[in-house]
Amino acid sequence: MVKGEPQVPCLFILGDSLFDNGNNNNLITTAKANYPPYGIDFPDGPTGRFTNGKNSADFLAELLGFDKFIEPFSTVKGVDIFRGVNYASGAAGIRDESGIHLGDRISLNRQLRNHNVTISRMSTLLGNKTLTKEYLSKCIYIVGMGNNDYINNYLLPQLYSSSHMYNPEQFASILIQQYSEQLKTLYLYGARKVVVFGLGGIGCVPSELDLYGTGDSVCINSIDSAVRKFSDKLEPMIDDLNSSLPNAKFSYINSTSIAVPDPSSIGITKLREPCCEISGTIGEGQCKHGGGVCSDRAAHYFWDGFHPSEAPNKVTAERAYTALLSTDVYPFDISQLAQL
């Protein structure tokens, strides 16, 4: 990791399993990853990260110059909260009910309440609310939400009513409306530099392909078109937040633009098969406890049935930090945001 001062005093992380680094470990849920083979390439072994090594939040902390990873809310103590806190939780969504069939998870609303707890602790330690607000305004917040509102809600019509009540356009509008309010709450709590990660290609995830049995096609178009209705509304939402909230600097990371255009250029040749042995039923997608893993981990895009391996996580973080294409980020990348 880079030595010296980090570029921002703290980094806060809100999200789902793509960012979770242990908040689900003690919850009653199947959405957890604190067992082998998860973490097989991570220095501390299985920690609750849903991948073989580092997730993209870990890489972003490194790129911003932090000398240690940001700790999960479930275990962070004392003055460590001043470096930031990771609130992310596997299976969590913008909507409270998303992922409920898997067990407990910390929805975005609950993550915001946890952040409020952190702020109270900070104010107590600093003895001053104004100082706390001033400090928080310099930090970077990364938010990655919405995947589970599709994978573990809208796309499971047998378990959730949302797809019976709303067509894809209506559901996307409702999600954006709620997400926008939640991001405004984060702003009211003192956040000014907020990075919003878009959704990846949910229709190309191995577990979805299994569930829908698509034979050889690489992605399921009906899923991708439903998710695109949400993604297309993120940029206008960012514009709206930046124009309506004084000093707000919200930025959007376009995960579809970042998706490695030619994966073989970074040695990824296997785009569909998960690297770890998958447990149980079709469409479940978690690694089997103590199950086998592939030997060519760097060649696999997916680690398990849902989550990318360390190599694509690194690309995501690097491109979000320093945009390569003008479509990667809007209006700033994270390195620019850190300087503002």
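Two strands count as paired if DSSP finds at least two bridges between them, and helices (H or I, at least four residues) and strands (E, at least two) are DSSP runs numbered from the N terminus. With that in hand, let's start the tour. What you have open is a predicted model, in which local features need pLDDT of at least 70, side-chain atom pairs count only at pLDDT 80 or more, and totals for chains, interfaces and linings use all residues. Residues are numbered from 1 along each chain as its sequence is written, and side-chain values use heavy atoms, with hydrogens and water left out.

**Stop 1: the sheet**

Select residues 193-197 and 249-253. These are strands β3 and β4, which run parallel and are joined by five bridges. Which residue of β4 does Val195 stand opposite? Click on Ser251 to see the answer.

Now widen the view to the whole open sheet: its five strands come in the order β1-β2-β3-β4-β5, with mixed pairing. Look at the edges, where you will find β1 (11-15) and β5 (329-330); each has a single partner strand, so one side of each lacks a neighbour in the sheet. Strands of a sheet pair through backbone hydrogen bonds, either parallel or antiparallel.

**Stop 2: rings in pairs**

Next, show the aromatic side chains. Rings of Phe, Tyr and Trp (its six-membered ring) pair if their centres lie within 6.5 Å; planes under 30 degrees apart are called stacked, over 60 edge-to-face, and the rest tilted. The count by this rule is 16 aromatic pairs.

Pick Phe42 and Phe69, a tilted pair with 5.6 Å from centre to centre and 35° between the planes. Phe42 is in the loop between β1 and α1 (56-63), while Phe69 is in the loop between α1 and α2 (108-126), so this pair ties together parts that are 27 residues apart in sequence. Phe42 is buried at 6%, and Phe69 is buried at 17%.

Move on to Phe73 and Tyr87, another tilted pair: 5.6 Å centre to centre, with 40° between the planes. Phe73 counts as buried at 18% relative accessibility, and Tyr87 counts as buried at 1%.

**Stop 3**

Select Tyr150, Tyr154, Tyr166, Phe171, Tyr179 and Phe230 together, and you have one aromatic cluster.

Finally, look for charges over rings (NZ of Lys or CZ of Arg within 6 Å of the ring centre and within 35 degrees of the ring normal). Return to Phe69: the charged end of Arg49 sits over its ring, 5.4 Å from the centre. Then find Tyr187, where the charged end of Arg192 sits over the ring, 3.7 Å from its centre.

Conventions
Buried < 20%, exposed > 50% of the residue type's maximum accessible area, 1.4 Å probe, protein only.
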